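Welcome, and take a moment to look over the model shown here. We will walk through it together, one region at a time.

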Amino acid sequence: MEGLVTQIQGLSGTASDVLSLQNLLKQADDSLHAESTRLPLFLDQLDPSKHSLGYLYFLEACTAGPVTQELASSYVLTIARFISSCVTEQIRLAPDKFISVCKRFKDQVLLLEEPLRGVAPMLTAIRKLQSSSEHLTALHPEFLLLCLLSKCYKTALSILEDDIFEVDQPRDLFLFCYYGGMISIGQKQFRKALELLHNVVTAPMSTVNAIAVEAFKKYILVSLIHHGQFPTNLPKYASSVAQRNLKNLCQPYFELASSYSNGKIADLETYVEANKDKFESDNNLGLVKQAVSSMYKRNIQRLTQTYLTLSLQDIANRVQLNSPKEAEMHVLQMIKDGEIYATINQKDGMVRFLEDPEQYKTCEMIERIDSSIQRLMTVSKKLNVMDELMSCDPLYLAKAGRERQRFDFDDFDNVPQRYNI
Amino acid sequence: MASSSSSGLTFKLHPLVIVNISDHYSRVKSQMNPPPVTSTSATVNGVEPQQQAPRVYGCVIGVQRGRTVEIFNSFELLYDPSTDSLDRSFLEKKQELYKKVFPHFYILGWYSTGSDAQESDMHIHKALMDINESPLYVLLNPTINPAQKDLPVTIYESELHVIDGIPQLIFVCSSYTIETVEAERISVDHVAHLKPSDGGSAATQLAAHLTGIHSAIKMLNSRIRVLHHYLVGMQKGDIPCENSLLRQVSSLLRRLPAIESEKFQDDFLMEYNDTLLITYLAMFTNCSSTMNELVDKFNTAYDRNSRRGGRTAFI
């Protein structure tokens, strides 16, 4: 054991030394796990910022056992310090060990019921483990879980802004997008929440999983809040498993969506009252209430398409609000959020609906469009690469021939896939 | 091995042959299991994964009129690595079939892929000599070299040279020209338009026009930078002030901008934004179509219970 410690101290200098050190540590792994009680003494001899790989192996062996209260409090500080001072290149040589250490850290923090302590170290851990900002590691969902439990949503937003391109495990993606959706709902960023939940629902899956079902329920509700409608068919890139089964598993929400589309608030409210327990058991009652209140917004927006000017009393009547004052509050809120363009004339209580005042003749608009075009170009390049890779995929090539039509008419030129009638 | 030939024959190669060879090679390569796509796979016990490009073989057929040899078509042959020769019976069967359809075509030689002609190729070459006294060897180099401007196809003939006192057959390069039939020209044109990206020169007129404008503006920018640098130097005092030059610069600068008014700015920016929006829309459409194809392919390959597609017959 002491010999191992001296070797770690000696071989943590250059990259080639670290590689040979890694082989040594792999062989010594079992003996480390066997002597886990003696290890904490040796940990003090190692410096996490210089001997990160060795420290990691030792730490992983120490924390491999079940999590208990006293162990938790002693290790939380050590692990947090290790995460902040470790060297990225050495850590990346043993990613699974690092991930298991961080997961233990999360368990300990949760056991101590102080999720807030884990948020910052976990964020540093993610940044160190990722090979690029487009890489989704197993630590992402753990981090989001900690943020959710400690209610600090803002720190999570920086992680949610990254575009993901590589995923380690499918379960990570499901959990990440689901938690991310919940955090975005908490921050009232419904567009982002919709995007993330959409990813969960349409991700490739061979069997329906519980995360997707829960996400689908929230997806319906958020889509009602944000768009005012819910498309009954999932897009064609959703897996066929999802398309067939998700509807049956979320029946009450589906009916909620269809009664929403009728536009009558009273019906909607009675339906919600009737099925209150179901919604409550899914922890979605708050969202359902938000969906109901968003109904008023939809109705007012529908009015903008028919009328140029309308009095506040009329608005209140049509939207089934109680008084013109409430109508004024709603319209004011919507103008502030940028959902409609209108002016309220307070003297005679008339609201005049306006067109979108954007004239598209400013330089800021140019910059916005330009940056969007740049982003689209990078996405397009990536898509082309993926398309070519897919065309060479042997699984695809094997099946592509099978779908050919048996008789080839002379008029049709390409392989049938293009014309899905 | 290759010096220029002295037989005096002119060779004409049809694009169909090149496309056939390249198609044969691509098919074999993509059907190889596992596909050689792995780039940084770990070396397990020091054994590197097989990265050899496969060699494909076949015959070329055409017509020889006097001193002109025209290669029209080609077909594939199976290579027998044990006897190091091509499958003879298959070749003869194919030859009969082709004779029925194209009575004028003779077997002119054979083709293969690779970067250079090899010693083992001489075996195959000699084996074909009983069909054609002087067969051709068409070699296609499948490695893509973006800097190379010519076609990676070389035609070799065999000549009897005396080396070290022993008369030996060696391969010598010959030059060739490309000859096209109308149908071939249309298809080559079509293929060339499919991928004008990444390293290709401007394939369309619009791209050429825009490249011209881009280089003109770049030159203008660099010249103005030179002037700017000069003026800054003059201001700092590094360069002595020359009033005549300053007068010229100021007259140049007064020529532009031509109009400067609020209304012009508005209209100009609106039109600029319109063009940008159209470009954005075009990119969107392009991207969506790629994504659609990708999703279709993914569904075909990986979705277990994909919808039974196929079309019903149109009556």
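Which residues make a nonpolar surface patch of about 390 Å²? The patch is made by Leu206(B), Leu210(B), Ile213(B) and Ile217(B). Patches are made of residues with over 30% relative accessible area and no salt bridge, where like charges are joined within 9 Å and nonpolar side chains (Val, Leu, Ile, Met, Phe, Trp, Tyr) within 5 Å. A salt bridge, in turn, is a side-chain nitrogen of Lys or Arg within 4 Å of a carboxyl oxygen of Asp or Glu.

Before going further, please keep in mind that this is a predicted model, in which local features need pLDDT of at least 70 and side-chain atom pairs count only at pLDDT 80 or more, while totals for chains, interfaces and linings use all residues. Residues are numbered from 1 along each chain as its sequence is written, chains are lettered from A and ligands numbered from 1 in the order in which they are written, and side-chain values use heavy atoms, with hydrogens and water left out.

Ile217(B) sits in helix α5 of chain B. With 52% relative accessibility, Ile217(B) counts as exposed; here buried means under 20% relative accessible area, exposed over 50%, and partly exposed in between (1.4 Å probe, protein chains only). Helix α5 covers residues 205–236, 32 residues in total, and reaches 47 Å from its first C-alpha to its last, close to the 46 Å expected at 1.5 Å a residue. That expected span is 1.5 Å times one less than the number of residues in the helix.

Now let us step back to see chain B as a whole. Chain B has 7 helices and 10 strands, where helices (H or I, at least four residues) and strands (E, at least two) are DSSP runs, numbered from the N terminus. Of the 315 residues in chain B, 26% are buried. The accessible surface of chain B comes to about 21700 Å², and 58% of that belongs to carbon and sulfur atoms; such areas come from the Shrake-Rupley method with a 1.4 Å probe, and for residues only the protein chains shown count as cover. Among contacts in chain B with a separation of 6 or more, 62% are between residues 24 or more positions apart, a contact being heavy atoms within 4.5 Å.

Tyr25(B) belongs to helix α1 (residues 15–31) of chain B and is buried, with a relative accessible area of 9%. Leaving out residues up to four places away in sequence, Tyr25(B) touches Ala53(B), Pro54(B), Val56(B), Thr113(B) and Pro142(B). Ser74(B), in strand β3 (residues 68–77) of chain B, is also buried, at 6% relative accessible area. Its side chain makes a polar contact of 3.2 Å with the side chain of Asn20(B). A polar contact is a pair of N or O atoms within 3.5 Å; within protein, one must be able to donate a hydrogen and the other to accept it, and residues adjacent in sequence count only if both atoms are side-chain atoms.

What about charged pairs? Over all chains, a search of the whole structure finds 23 salt bridges. In one of them, the side chains of Lys12(B) and Glu179(B) meet at 3.8 Å, N to O. This pair links distant parts of the chain, 167 residues apart: Lys12(B) is in strand β1 (residues 10–13), and Glu179(B) is in the loop between β10 (176–178) and α4 (182–194). Another salt bridge joins Arg55(B) and Asp121(B) at 3.3 Å, N to O. Arg55(B) lies in the loop between α1 and β2 (57–65), while Asp121(B) lies in helix α3 (residues 121–127), 66 residues apart. Arg55(B) is partly exposed at 24% relative accessibility, whereas Asp121(B) is buried at 1%.

Finally, turn to chain A. Most residues other than glycine have a negative phi. Lys151(A), however, has a positive phi near 60°, and is found in the loop between α9 (139–150) and α10 (153–161). Asn283(A) also has a positive phi, of about 60°, in the loop between α17 (276–281) and α18 (285–306).
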